[in-house]
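Q: Please take a close look at one part of this model. I would like the setting first, then the detail.

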Amino acid sequence: MADSDVDIEIRVNGAGRRASVPARLTLADFLRERCRLTGTHLGCEHGVCGACTVLLDGQAVRACLVFAVQADGAEVTTIEAIAAPDGGLSPVQAAFREHHGLQCGFCTPGFVITATAFLRDNPDPTDEQIRDALSGNLCRCTGYQGILKAVRAAAGPAPAESASAPANER
Amino acid sequence: MKPSSFTYHAPDSAEEVVSLLADYGEDAKVIAGGQSLVPMLALRLAVFGHLVDVRRVAGLRGAARFNGSVRVGAATTQAAVGNDAEIAAAVPLLARATPLIGHFQIRNRGTIGGSLAHADAAAEYPAVALALDARLETLSPRGARTIPAGEFFTGVWTTALAADELLTGVAFPARRERTGFAIEEFARRRGDFAIAGAAVAVEVDAGQRVRSGGIALFGLGPTPLRAAAAEAAVAGSAVADLAAEEVGDAAMEALESVPSDLHADAGYRKRVGAAMVAAAWRRATQEAING
């Protein structure tokens with residue numbers, strides 16, 4: 001089957017990247033192999049684990065479920081651009097360090113991107129909303145409690161009506 | 001875990017999409033958000049020589065009110081459906097189903113048309129389309145047509161769409177007076193496909209009798225299903241005379257081919273299904289009576 005490469009241009013962390021790629025190359029592989037941005041991790045490669053989460057035109061998406069050709073003309077932000085240019089940690093990153101939101105660190109880029117997008121759109125979340133937002137990312141080390149604490153801390157205090165409510169697991 | 005090779009097409013019009021589909025036949029597949037298709041490609045459960053992306057096609061996104069219905073473009077993302085004030089007001093069942101789909105990162109890419117065309121028997125939107133008697137709008141080289149939701153889901157991951165036919169939009173009837181809507185599902189974890197679920201749309205008359213009750217089931221067969229016998233049984237009855245649990249049991253009675261797997265055998269799945277119907281029935285009828 002013909003698999004002629006496709007010319008694309010994607011703006012990655014503020015810099016334009018032109019490349020000629022096979023259509024089947026995922027955005028995650030494009031970022032890792034063509035852009036050498038290996039902070040975007042690949043766990044399951046079929047949309048379950050969330051380790052490869054990046055911002056695509058500002059929205060959190062699984063980079064293993066987007067082909068690079070589909071992101072032609074788009075803007076992508078990866079974990080490498082979350083810290084300040086001088087290396088200072090973002091509020092979410094600092095909270096993950098402070099509250100033991102990571103152990104081995106493999107899932108952490110995906111969690112940080114997820115939490116960053118979530119808190120941007122929901123600056124005053126309830127604990128239940130935080131749990132819902134994090135449900136699409138898997139971590140095999142921490143037991144999640146440190147991650148929940150970190151995102152809670154990054155968000156600031158819970159809204160009064162939810163602060164004492166028990167976690168409502170579905 | 002890498003898809004096999006394919007040729008990528010991203011035409012500008014729906015006409016070009018269906019022309020490409022006609023050229024390549026079964027070797028071509030439409031891709032929109034890719035949240036169901038790409039995993040299937042990555043796992044090599046599906047292999048296509050050509051993917052036709054609809055991302056550049058105008059007119060496939062957004063919701064608009066037409067007479068008594070709301071038309072939602074097929075390539076409207078689930079996130080956009082969930083954020084649309086018109087949909088929340090006029091098609092509340094669609095709005096309420098949306099947060100149950102996957103996770104927010106999935107909903108940022110996944111589309112309503114993709115969910116319907118993929119037609120997973122345990123997915124939310126196909127059941128919503130069935131419960132509301134939605135009408136699915138398509139285009140093929142033979143022209144446009146409209147398919148009632150009740151005729152759309154024909155088998156496992158199989159629909160009435162021809163190989164060269166593109167789903168372009170879905171028209172949902174707008175909410176009327178004295179109607180109520182609810183969707184309930186049970187999944188092992190947040191965002192998983194439901195073990196069983198139910199979507200209910202009910203209309204009552206001034207005397208609080210059921211004028212019509214649409215009960216759609218998901219996760220309980222090879223396709224999403226209407227519980228036709230249960231719907232017939234409740235029609236004309238006073239809501240106060242109907243025990244929600246009995247409606248739930250009635251909805252499970254005629255089911256054949258209930259899936260059985262590692263996580264839920266058919267008997268358990270039916271018990272869960274009956275409970276989901278009962279819960280949805282209770283909420284929907286309360287809303288229809290109380291507004």
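What share of the 291 residues of chain B counts as buried? And which residues are buried in helix 1 of chain B?

A: This is a predicted model. Of the 291 residues of chain B, 55% count as buried. The chain has 11 helices and 14 strands. Its radius of gyration is 19 Å, close to the 19 Å from the globule rule for 291 residues, so chain B is as compact as a globular protein of that length. The C-alpha trace of chain B spans about 60 × 45 × 30 Å along its principal axes. Consider the contacts in chain B with a separation of 6 or more: 65% of them join residues 24 or more positions apart.

Now the helix. Helix 1 of chain B covers residues 14-24. Its buried residues are Ala14(B), Val17(B), Val18(B) and Leu21(B). They cover an arc of only 90° around the axis, which puts them on the same side of helix 1 of chain B. The spacing has a simple background. An α-helix has 3.6 residues a turn, so residues three or four places apart point the same way.

What covers that side? Strands are part of the cover over the buried residues of helix 1 of chain B. Among them are strand 2 (28-31) and strand 3 (50-53) of chain B. Strand 6 (135-140) and strand 10 (166-173) of chain B are included too. After the helix comes Gly25(B). The phi of Gly25(B) is positive, near 55°.

Chain B is divided into domain 1 (7-53), domain 2 (63-173) and domain 3 (179-290). The C-alpha centres of domain 1 and domain 2 of chain B lie 18 Å apart. Across this boundary, 14 residues of domain 1 of chain B are in contact with 19 residues of domain 2 of chain B. Helix 1 of chain B supplies the largest share of the domain 1 side, six residues. By class, that side of domain 1 of chain B holds seven nonpolar, six polar and one charged.

Strand 6 and strand 10 of chain B are among what covers them. Helix 1 also gives the largest share of the side of domain 1 of chain B that touches domain 2 of chain B.

Note on methods. Residues are numbered from 1 along each chain as its sequence is written. Chains are lettered from A and ligands numbered from 1 in the order in which they are written. This is a predicted model: local features need pLDDT of at least 70, side-chain atom pairs count only at pLDDT 80 or more; totals for chains, interfaces and linings use all residues. Helices (H or I, at least four residues) and strands (E, at least two) are DSSP runs, numbered from the N terminus. The radius of gyration is taken over C-alpha atoms; the globule rule is 2.2 Å times the number of residues to the power 0.38. A residue is buried if 20 or more other C-beta atoms lie within 10 Å of its own, exposed if 12 or fewer, and partly exposed in between; C-beta atoms are placed from the backbone. Two residues are in contact if their C-beta atoms, placed from the backbone, lie within 7 Å. The arc is that of the directions from the helix axis to the C-beta atoms. Domain bounds come from an automatic or database domain assignment. Ala, Val, Leu, Ile, Met, Phe, Trp, Tyr, Cys and Pro count as nonpolar, Asp, Glu, Lys and Arg as charged, and the others, Gly among them, as polar.
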